[in-house]
Amino acid sequence: MKTEKANFERMSKESVPVSTRSKIKSALTLDSETGTHKLTLEGEMPMDLVAIEGSPGVDLILLDSGNSVPSISAPPKGAGELSKGADKAGFLATLRIQGTNSRLQVQLMISEGTYGTLNAFVVTRVAPKVVHLVEHEIPPLSFHRTVPLD
């Protein structure tokens, strides 16, 4: 008990706990006409920065909004592997949002058979700065959808 109390006291001196009421809505949808997925992020507050981490086989191909400055980098081999059994890591894209936009939509090309997680880290423009983590699972057959029998 004493060691836990000491750990808590040490953590409370190093970090400041913050609670936020803002929420981020997100959707990862398949655009069957272009064969791509659209990641839409929408917040209650203006966004400052969005970092997107993807599995191998996921590529950022288009930004629908001209209000962001992209920076795309490939992580070192073996770092941040998201797909099970993958021999290389995916990508990391950082988007600096200009103005007071609270919505961002990016288009992603996902290779068929690729699976893993797509993570988006959203930093809002309000104080205190808080990061919202948005996760989307990428199923192995992400291009398959239900077709009506009409």
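## Salt bridges in the model

Let's start with the charged pairs: counting those with a side-chain nitrogen of Lys or Arg within 4 Å of a carboxyl oxygen of Asp or Glu, you get five salt bridges. Keep in mind that this is a predicted model.

## Asp 31 and Lys 38

One of the salt bridges brings together the side chains of Asp 31 and Lys 38, with 3.8 Å from N to O. Is Asp 31 buried or exposed? Asp 31 has a relative accessibility of 18%, so it counts as buried. Lys 38 has a relative accessible area of 24%, which makes this residue partly exposed.

## Arg 103 and Glu 42

Another salt bridge joins the side chains of Arg 103 and Glu 42, at 3.9 Å from N to O. Arg 103 sits in strand S7 (residues 103-110) and Glu 42 in strand S2 (residues 36-43), so this pair ties together parts that lie 61 residues apart in sequence.

How open are the two partners? Arg 103 is partly exposed, at 44% relative accessibility, and Glu 42 is partly exposed too, at 38%.

Lys 129 pairs up with Asp 48 in a salt bridge, and their closest N and O atoms are 3.3 Å apart. This pair also links distant parts of the chain: Lys 129 is in the loop between strand S8 (116-124) and strand S9 (131-138), while Asp 48 belongs to strand S3 (residues 47-53), 81 residues apart.

Asp 48 counts as buried, because its relative accessibility is 10%.

Notes. Residues numbered from 1 in each chain as written. Predicted model: local features only at pLDDT ≥ 70, side-chain atom pairs only at ≥ 80, totals over all residues. Heavy atoms only, no water. Buried < 20%, exposed > 50% of the residue type's maximum accessible area, 1.4 Å probe, protein only. Helix = DSSP H or I, 4+ residues; strand = E, 2+ residues; numbered from the N terminus.
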